[in-house]
Amino acid sequence: MDGEWEPPMVDNPEYKGECQPKQLDNPNYKGPWQHPEIDNPEYSSDPNLYLRKEICTIGFDLWQVKSGTIFDNILITDDIEMAMTVAGDVKNTQAGERKMKEEQDEERRKRDENEQKSSYSDDDDKEELSEQDDQVNEHDEL
């Protein structure tokens with residue numbers, strides 16, 4: 001409430017500096033530990049250790065924020081020209097899919113607007129009926 005805490009300004013006469021643990025001499029100390037090198041009689045050098053056979057599968061470990069995500073059109077290749085050709089085909093397909101999606105969204109939007117308009121007119125009719133009922137009830141009391 002009074003602002004940021006500030007240490008007291010009074011010197012401590014018993015302060016002797018930062019605390020350090022006492023160091024005791026070890027007469028048996030032989031330096032840092034060294035891992036002993038032991039020969040492995042079963043070891044044989046393999047110059048092609050990095051080579052792998054053909055991999056025919058691929059796996060994805062994904063964390064998704066929104067469910068329903070679809071992955072398709074995955075290409076693994078070392079041919080750049082083929083990759084560019086396939087990428088062009090995929091982009092053309094995506095453009096068609098995007099156009100179809102926009103049309104569907106527009107139809108859905110129009111349908112929702114029509115439903116809202118009809119629900120508004122239904123609500124107006126209900127309000128008019130309730131007002132008429134109120135007026136009739138007022139006259140009945142006379």
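Here is a short walk through the predicted model, stop by stop.

Before clicking, note that residues are numbered from 1 along each chain as its sequence is written, and that side-chain values use heavy atoms, with hydrogens and water left out. Because the model is predicted, local features need pLDDT of at least 70 and side-chain atom pairs count only at pLDDT 80 or more, while totals for chains, interfaces and linings use all residues.

Of the 142 residues, 1% count as buried (under 20% relative accessible area with a 1.4 Å probe, protein chains only; exposed is over 50%, partly exposed in between).

Now select Isoleucine 76, in the segment before α1 (80-141). Isoleucine 76 is exposed, at 66% relative accessible area.

Cysteine 19 is exposed at 72%, and cysteine 56 is exposed at 63%. The disulfide count is zero, a disulfide being a pair of cysteine sulfur atoms within 2.5 Å.

The whole structure has four salt bridges (a Lys or Arg side-chain nitrogen within 4 Å of an Asp or Glu carboxyl oxygen). Glutamate 106 and arginine 109 form one at 2.3 Å, N to O; they sit three residues apart in helix α1, about one helical turn. Arginine 109 also pairs with glutamate 113, at 2.5 Å.

Technical notes. Helices (H or I, at least four residues) and strands (E, at least two) are DSSP runs, numbered from the N terminus.
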